[in-house]
Amino acid sequence: MRAIFEQELEQVGEGLLQMARHVQAGVRDASTALATADLQLAEQVIAADDAIDAIESELDERCVTLLARQQPVATDLRVIVSGLRISASIERMGDLARHIAQVTRMRYPDQAIPEQARETFAGLADAANEAVTNIVALLENHDLELAAAIETDDKALDELHQRTFTTTLAADWAGTVTQTVDVTLLARFYERFGDHAVSVARRISYLVTGDLDGVSSD
């Protein structure tokens, strides 16, 4: 029975890694679509989000079944509950990539981001891609130095998010009302992406160390 239980736990970890890899592709492609007004790529991101949702649903069902059948305690309970929380955060990251792609689709054939804000959004895309790349690696090897790197990525996203306010409130801002709304929303999507990345990193740190310090209640 123990061997079967451990196999089930391993499958939870594999599912989380699979979700993270889907999100890695999603945010990369959504950012590219946004920067280039690539409608086909945006549509691919939107459609691919269904796969992330399906994996999360399967993982949640597996975790709930393990809780009901095995009534785990101590470390095993920590793994299952953390798995539920991590899958929820990764799924939300997938949703944010989809939201970015949906804005691209809505503004096609025009670009959603005006010239004045494109450099900032290139930075947002880079920081988001770095964050999710670190999450994939963290899920693979549990290297806690990567958790610290994700916190740094989030700080960069926060700073760039704030920069969009400076840009849109400046006297020389030439964007339309629609562009101003798009810039504000899209920057928020990237900022929230970083927040969820940090949540995942802290949950994994908790799994490795058992230390609750810094774990949000998300």
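Does Asp 95 count as buried or exposed, and at what relative accessibility? Asp 95 counts as buried, at 16% relative accessibility; buried means under 20% relative accessible area, exposed over 50%, and partly exposed in between (1.4 Å probe, protein chains only).The model shown is predicted: local features need pLDDT of at least 70, side-chain atom pairs count only at pLDDT 80 or more, and totals for chains, interfaces and linings use all residues. Residues are numbered from 1 along each chain as its sequence is written, and side-chain values use heavy atoms, with hydrogens and water left out.

**View 1. The whole protein is built from 6 helices and 0 strands.** Helices (H or I, at least four residues) and strands (E, at least two) are DSSP runs, numbered from the N terminus. In sequence order the pattern is α-α-α-α-α-α. Along the principal axes, the C-alpha atoms fill a box of roughly 65 × 35 × 25 Å. Of the 218 residues, 46% are buried.

**View 2. Asp 95 lies in helix H3.** Leaving aside residues up to four places away in sequence, Asp 95 touches Asp 49 and Asp 53. A contact means heavy atoms within 4.5 Å. Across the protein, 82% of the contacts between residues at least 6 apart in sequence join residues at least 24 apart.

**View 3. The largest nonpolar core has 62 residues.** Such a core is a set of buried Ala, Val, Leu, Ile, Met, Phe, Trp, Tyr and Cys residues joined through side-chain atoms within 4.5 Å. Phe 121, Leu 186 and Tyr 190 have the most contacts inside this core. At least two of its residues come from each of H1 (2-36), H2 (39-70), H3 (74-107), H4 (115-141), H5 (144-169) and H6 (177-209). H4 gives the most, with 13 residues. In soluble globular proteins, nonpolar side chains tend to be buried together.

**View 4. Val 177, Val 181 and Leu 185 form a nonpolar patch on the surface.** Together they have about 270 Å² of accessible area, computed by the Shrake-Rupley method with a 1.4 Å probe; for residues, only the protein chains shown count as cover. Patch residues have over 30% relative accessible area and no salt bridge, with nonpolar side chains (Val, Leu, Ile, Met, Phe, Trp, Tyr) joined within 5 Å and like charges within 9 Å. A salt bridge is a side-chain nitrogen of Lys or Arg within 4 Å of a carboxyl oxygen of Asp or Glu. Val 177 is in helix H6 and is exposed, with a relative accessible area of 67%.
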